[in-house]
Structures are given as C-alpha cells and as structure tokens.
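This briefing gathers notes on fold, helix packing, core and salt bridges, grouped by topic. Please read it alongside the sequence and the coordinates.

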Amino acid sequence: MIISTKRRWLLLAVVSAGLLLITLDNSILYAALPTLVEDLGASSSEGLWIINAYPVVMAGLLLGSGTLGDRVGHRRMFLIGLVVFGAASLFAAFSTSPEALIAARAFLAVGAAAMMPATLALIRVTFDDERERNMAIAVWGTMAVVGSALGPIISGILLQHFWWGSVFIINIPVVLVAVVATLLVAPRDTPDPSKRWDLLSSLLALVALVGLVIAIKETAKAGPAPAVIATAVLAAAIGGWAFARRQRLLPYPLLDFAIFRNRAFLAGVLAAGFALFAIAGVQLVTTQRFQLVEGFTPLRAGFLVAAVALGAFPTAMLGGAILHRVGLLPLITGGLALGAVGTVLVLMNFATSMGLLVTGLIITGSGLGAAMSVASSAIMGNVPARRAGMASSVEEVSYEFGSLVAVALLGSLLTAVYSATIDLPAGVPERARDSLDSALALAGEGAETNSALVTAASEAFDGAYLAVMIVVAGVLAVGALATGVLLRRHGPGSALSGPAHH
C-alpha cells in the first residue's frame, strides 16, 4: 500500500508521541522520588521498586508483545496499549500506599509494552526508502532521549504547583489525542494469524528479569541476605534457561537467537543498552545528589540533568542524516567513547565547578545521542520486514534493560557506599546510616549534633556519587570497546552487506 508523504510523517509524529510518554514515565519519578518517599512513607527499597516495577514488567513483556503485534496488527496493539496506559496513569495518580503505586506502575508497563514495539514496527512498514527510514528512526530515537530528559523537568514543574499524582495525570490528555490521531493516520496493517504468540515464553522472560533485579538489589545492599540472593539467582537462571530452551522448540519463537549472529544488529542492541544505562544512571543519582546535598528544588535538579538531552538532541538528528555516508562504527563506538569522556568530566567536577559539570553532562549527552539514534537503524536495517516486530522488541528490551540495571545496580550501590562510609557523630541513632533522607530527617529533628550529621552524611553521599559515576564511565568504555570490535569491518549505511545479512 502506497502511503502519502504527509501521512507518513504524521504517523511518525503520532508514534513518537507514544514513545515520548513511555520514556517520560521511565524518568519522571527521578526528581519526584524524594517527595514521593516522604509523602507515602516508602522505604528506600520501596522507592527503588516504585521506579523499577515499570521497566521490569515492560522488559519481561516486550518480546511477546512484538510477536503479538505481528499476529493481531501493530495498529491495534498501539491503540490497546494507549488505552491501558491511560487507565494505569489514573490508578497511579491516586495511589495511597507504596504497594498500590508499585502495582499501578506495573500496570502502566503492560500498556507501554503493548505500545512500544508497535511504534517502531509501524515506522518499519510505512517507510520503504532506506534513507527516509533512517531519518524517521533517528527522530524516533531522539524522542527516547527527549522523554528521558523531560521527565525530571516536567515533574519538577508539576511538584512546584500540584501534588505528586499530577506527574501521572498529564499522560491522560496525550493518550486521548494519540488515540484519535492513530485512528485517522495509521495504516490498517494486515494481521498474520499464523504467527503464534506464546504467553508462557513472556512469563519465563519476566521471571528471569525479576530474579536478576532482586539479586542485583540485594547484593548491593548493606547487609545483604544470602538466602534471598541465592533464590533470586536460581529463579533468574531457571527462567532464562527455560525461556531459551522453549524458543528453540517453538516453530514461531518470540526470539530467534539466530538474528544475533549479525554483528551490526548485535552492536545496535548493545549500544542501546549501554546508552540507556548511562542516561538513567546519571539522571537518577544527579537529581538526588543536587536536591539532597545542595538543596536544589526538583525543578532546578531537573533542568540540570536536562543538559544530557541538550547535548543528545543535535547529535541524534545528525546521526540519522549522515549514517548513509559515515557508517555505524564512528557514530556508535565514537558516541559511547565520547559519553565516557563526558562522565569523567562530571565525576571530576561535580562538587567544585557547576560550569564544568554542565559541560560534562552535555558532552555525555552528545555521545549517547549519536549512538542511540543509529543503534535503532543498525537493528532495524539488519532484519527482514517479517521480523520487524521481533527486532523492535529486542531493541526495546535492551533500552529497558539498560535503564532497569542502572536503577537496580546504581541506586543500590549509591545506598550501599553511603551506608558503609558515613562516619556518624557520637550519639546519633544508627538509622541515619540507612539513607541520606533518613540522616537529614534526623538532623531536622533538632539533634544537637545536626550540623555535624549533615556534614558527615553529605560527604558520605558525595563519595557514593563518585563511585557510581566511575562505574558509569567504566561501563561506557566497555561498550565502546565491544561495539568497536563488532563493527570494525562495517561500511557506510545501516545494513550489513554480505552473507551475514539474513
């Protein structure tokens, strides 16, 4: 079916709005977390689960929803996802306990998982020309960066005027407009009933991911429970093994592991994961550090981490425009390496120079923007159209997995290093060791040692922040090295020529 140019780009605008919502909800709670934890009385572990319930459930369901989209039609999946997302936003806004909010975030993830592969699959089937498609995918990838960056700013603005539930209420008007626009401009795609959707595979993937996240969180805690770690690792291993075994036996697997033999595809998947790990990690710990140690408002902290998006936006657009000339290697490997350099600049200057800190964040964003925008092209350009749903699911799992591991690992590492290194003044209760929030609350109660406690807690938190940023820089360096090896023989364009292109 021939689709007019105007309708193609209108469709891109609609699916980009859907993606913006999904990525916004990944980061919108970073700046709101201190307020949320206080209002709902959540523990630091519940705080991390409020953030993580969303990417965990989404990553578990994404592989299945891509194949389900191939079966029932990507347009229908996008519409179903929008409706579920809108309803879940309403539940989240009016949650009265940490448990209710965690459940609402998991429900939000079901809607996001239905929508997300459909956004990329609709682009893949609508844009036939490779150069035009690379540009459309670059716009799509840029929306992921913009959504991640806008999250903390929007929540900062809303928290200045409204209660924390407003960060979810704003999704609803966007959902309503997107539903109407999708009905008007999205092409009616042909469902393929021969594609089998396997619920059990999705559930096994979810078990593996939840086990992995619990294991990471527990290991990074001060005083971890070995029995919990062992059980979680066992669940992750059994879930992962059973998932892989089932894929080999199914005539229509959710994930055909053969697609990873394509080096450009694999490099794109790794780049997406590494980039999101760095963006989520830097945003989460930087918004917390500047609110709790420097006394920034959520809005000011949100604007600070928006420097990442400021750097990412131009390079993401440029990457899509020049990919056909320069190829994947300089954009993906060079982008991750530049991100590592920016992170080093941040960790050297976060406590001394605001100018150099912001410069470091912009440089980090510039590198990651270039890598992310063309990672999508590397993935979608190296699979046949019939694998569009599967390929887009794999990409989004790597996005979600990156931010998921960042929050689980770096959030827990931040707390663990803080707890282990704080030098409590005499007479201060041990609970000040739990988190910086606890120490500041105790200091606010008028303890005689409050200024000494605030100083000790802030110094310990800065040490923890430094440790987290060193890990981020190291991970980006490993990412640059791995993708450099995979792409060393790759020429211009997004598709890999030769026998590796299935």
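For the helix pairs described below, an axis is a line fitted to C-alpha atoms over the stretch in contact, and the angle between two axes runs from 0 to 180 degrees between N-to-C directions. The model is a predicted one, and its secondary structure comes to 17 helices and zero strands. Of the 502 residues in the protein, 60% are buried, and among contacts with a separation of 6 or more, 83% are between residues 24 or more positions apart.

**Helix packing**

- Two packed helices are described by the angle between their axes and the distance between the axes.
- The axis of helix α5 (residues 130-161) and that of α12 come within 8 Å, crossing at roughly 170°; because angles over 145 degrees count as roughly antiparallel, α5 is roughly antiparallel to α12.
- On the α5 side this contact is made by R131, N134, M135, A138, V139, T142, V145, V146 and A149, while α12 contributes A309, A312, F313, A316, M317, G320, A321, L323 and H324.
- Sorted by class, the residues of the contact of α5 with α12 divide into 13 nonpolar, four polar and one charged.
- Helix α12 (residues 307-326) also meets helix α13 (residues 328-349), their axes coming within 7 Å and crossing at roughly 125°, which makes α12 oblique to α13.
- Here G319, I322, L323 and V326 of α12 meet L328, P330 and L331 of α13, and the contact has six nonpolar, one polar and no charged residues.

**Nonpolar core**

- The largest nonpolar core holds 154 residues, of which L29, M58, I123, F168, L336 and Y418 touch the most other members.
- Helix α10 gives the most to this core, with 18 residues.
- M58, leaving aside its neighbours within four places in sequence, is in contact with I22, A109, A112, A113, M116 and E400.

**Salt bridges**

- Which residues are linked in a network of salt bridges? The network joins R289, E294 and D462, and the count of salt bridges comes to two.
- In one of these, E294 pairs with R289, with the closest N and O atoms 2.9 Å apart; E294 is partly exposed at 39% relative accessibility, whereas R289 is buried at 1%.
- In the other, the side chains of R289 and D462 meet at 2.8 Å, N to O.
- This second pair links distant parts of the chain, since R289 sits in helix α10 (residues 263-292) and D462 in helix α17 (residues 450-486), 173 residues apart.
- Why does D462 count as buried? Its relative accessible area is 16%, and the category covers values under 20%.

**Individual buried positions**

- V282, placed in helix α10, is buried with a relative accessible area of 3%.
- Leaving aside neighbours within four places in sequence, V282 is in contact with V308, L361, M469 and V472; separately, the C-alpha atoms of V282 and T343 are 8.4 Å apart, although these two residues are 61 residues apart along the chain.
- L68 is found in helix α2 (residues 44-72), and its relative accessible area of 19% makes it buried, given that the cut-off lies at 20%.
- The C-alpha atoms of L424 and A457 are separated by 7.9 Å, the two residues being 33 residues apart along the chain.

Technical notes
Residues are numbered from 1 along each chain as its sequence is written. This is a predicted model: local features need pLDDT of at least 70, side-chain atom pairs count only at pLDDT 80 or more; totals for chains, interfaces and linings use all residues. Side-chain values use heavy atoms; hydrogens and water are left out. A salt bridge is a side-chain nitrogen of Lys or Arg within 4 Å of a carboxyl oxygen of Asp or Glu. Buried means under 20% relative accessible area, exposed over 50%, partly exposed in between (1.4 Å probe, protein chains only). Helices (H or I, at least four residues) and strands (E, at least two) are DSSP runs, numbered from the N terminus. Angles under 35 degrees count as roughly parallel, over 145 as roughly antiparallel, 65 to 115 as roughly perpendicular and the rest as oblique. Contact means heavy atoms within 4.5 Å. Ala, Val, Leu, Ile, Met, Phe, Trp, Tyr, Cys and Pro count as nonpolar, Asp, Glu, Lys and Arg as charged, and the others, Gly among them, as polar. A nonpolar core is a set of buried Ala, Val, Leu, Ile, Met, Phe, Trp, Tyr and Cys residues joined through side-chain atoms within 4.5 Å.
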